[in-house]
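Please keep the sequence and the model in view while reading.

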Amino acid sequence: MLSSLEGKFPPAILALADGSVFIGQSIGAAGSTVGEVVFNTSLTGYQEILTDPSYCQQIVTLTYPHIGNYGVNPEDVESNKVQAAGLIVRDLPLLHSNFRADRSLSEYLKAEATVAIAGIDTRQLTRLLRTKGAQNGCISALNAGEAVTQAHIDAALTAARAAPSMAGLDLAQVVTAPASYEWGQTEWVLGKGYGTQSAPRFKVVAYDFGVKYNILRMLAERGCQITVVPAKTSAADVLAMKPDGVFLSNGPGDPEPCDYAIEATRTIVASGIPTFGICLGHQIMALAAGAKTFKMDNSHHGANHPVKELASGRVSITSQNHGFAVDMASLPDTLEATHISLFDGTLQGLAFKDRPAFCFQGHPEASPGPHDIGYLFDRFTDLMAKAHG
Ligand SMILES: NC(=O)CC[C@H](N)C(=O)O
């Protein structure tokens, strides 16, 4: 017997587009979900991962075998809801324990209408994804008392094969804020032990392509007063706010179809305003400068990825979550590579040679993950301080 959950939870099926089928238990909502199946190797941080908008339309497999040990709390969220299309874990401990927890992972998944499967061999699944590359998949979670039939399996396989490819999908538009808002006066920044708001020193406009709260917290901690704007805000509207700096957020999907953001970024960077981009924001900045992006065979999702800063030789252990990357060979003369991944040599950081603008592919805000490369936020505030003279 693979799982101690058998008999305690209803059955669930994971079907992949390549025809692979796994049978386990449903630990979330009943129903079915489709998405690109990816794996994340972080040992902790399942709540941050589930609520990271960059996982929109992706089903996340967690390779660490026991997920749910410390339950769920109202504070460790990276957005206002679960964003991942589904969750796959090896084992769900039946008891959770943490002083901050207010419920179990399973209760949370049900409340968030998130379909999730446990009790499958996630090592086998990970090897399959690692060998074949990202696959679309479907989790079909049955109701209590239902048994898995061939018809259920066939329906899940058909749904997996019908799911759209991530390449070519503009999902920033799907997850972005519907209207501008001010960050910094909320409970997420003040008073919960998650950093404090320093006296505002800089006015920053942050493009929301699917922004993670911890990016905004870390900017606020450094004295940034932040106006978050929707993905399609024009450069003219942003420049009219007279910001000291512009931030381009992380986000889901393929950067290439985000032509509105690429165009706005081109104007903003050319204006000479200090500009900083993370993940999707980094890819958009590269595209704005004329570089190319591509879909990786093996995407990066984890909290232990070594990244080297080329100028100093300094190696940081970083948090990563991306399936596209900037093609190093496509960099125009105006861009300089600043960081590379020590896992596969792919590009991790860029700087514009003649503008105060730079960007990073990984996640300096971590959440979850190590804070080794948090110095990039200081680099952004240093650029703004310098621009002030
Ligand atoms: N975390 C992110 O911003 C991800 C960027 C992009 N969606 C990718 O997968 O590469």
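Does Phe276 count as buried or exposed? At 0% relative accessibility, Phe276 counts as buried, where buried means under 20% relative accessible area, exposed over 50% and partly exposed in between (1.4 Å probe, protein chains only). The model is predicted, so local features need pLDDT of at least 70 and side-chain atom pairs count only at pLDDT 80 or more, while totals for chains, interfaces and linings use all residues. Residues are numbered from 1 along each chain as its sequence is written, and side-chain values use heavy atoms, with hydrogens and water left out.

A search of the whole structure finds seven aromatic pairs; rings of Phe, Tyr and Trp (its six-membered ring) pair if their centres lie within 6.5 Å, and planes under 30 degrees apart count as stacked, over 60 as edge-to-face and the rest as tilted. The ring centres of Phe276 and Phe358 are 4.6 Å apart and the planes stand at 15°, so this pair is stacked. Because Phe276 lies in strand β12 (residues 275-278) and Phe358 in strand β17 (residues 357-360), the pair ties together parts that are 82 residues apart in sequence. Helices (H or I, at least four residues) and strands (E, at least two) are DSSP runs, numbered from the N terminus. Both Phe276 and Phe358 are buried.

Phe276 also pairs with Phe380: the ring centres are 5.5 Å apart and the planes are at 45°, so this pair is tilted. Here too distant parts of the chain are linked, with Phe276 in strand β12 and Phe380 in helix α10 (residues 375-388), 104 residues apart. At 0% relative accessibility, Phe380 counts as buried. Phe247, Phe276, Phe358, Phe377 and Phe380 form one aromatic cluster.

Two other rings have a charge over them, which requires NZ of Lys or CZ of Arg within 6 Å of the ring centre and within 35 degrees of the ring normal. The charged end of Lys232 sits over the ring of Tyr260, 5.2 Å from its centre. Lys295 lies over the face of Phe324, at 5.3 Å from the ring centre.

The wider arrangement can now be considered. The protein is divided into domain 1 (11-162) and domain 2 (172-388), with bounds that come from an automatic or database domain assignment. Their C-alpha centres lie 28 Å apart. Across the two domains, 29 residues of domain 1 are in contact with 25 residues of domain 2, contact meaning heavy atoms within 4.5 Å.

In soluble globular proteins, nonpolar side chains tend to be buried together. A nonpolar core is a set of buried Ala, Val, Leu, Ile, Met, Phe, Trp, Tyr and Cys residues joined through side-chain atoms within 4.5 Å. The largest such core has 51 residues, of which Ile27, Leu105, Ile226 and Phe247 touch the most other members. Helix α6 (residues 213-221) gives the most to this core, with six residues. The core draws at least three residues from each of domain 1 and domain 2. A second, separate core of 32 residues includes Val229, Ala264, Val269 and Val326.

Lys212 is found in the loop between β9 (202-208) and α6 and counts as buried because its relative accessibility is 3%. A polar atom of the Lys212 side chain lies 2.9 Å from the backbone oxygen of Ala366, and the side chain of Lys212 also reaches the backbone oxygen of Ser367 at 3.2 Å.

Asp170 occupies the loop between α4 (150-162) and α5 (172-175) and is buried, with a relative accessible area of 16%. Its side chain makes a polar contact of 2.7 Å with that of Gln173 and one of 3.0 Å with that of Tyr260. A polar contact is a pair of N or O atoms within 3.5 Å; within protein, one must be able to donate a hydrogen and the other to accept it, and residues adjacent in sequence count only if both atoms are side-chain atoms. Asp170 and Gly253 are 83 residues apart in sequence and 5.5 Å apart in space, C-alpha to C-alpha.

Asn73, finally, lies in the loop between β4 (58-62) and β5 (86-88). At 5% relative accessibility, Asn73 counts as buried, and its side chain reaches the backbone nitrogen of Glu75 at 2.7 Å.
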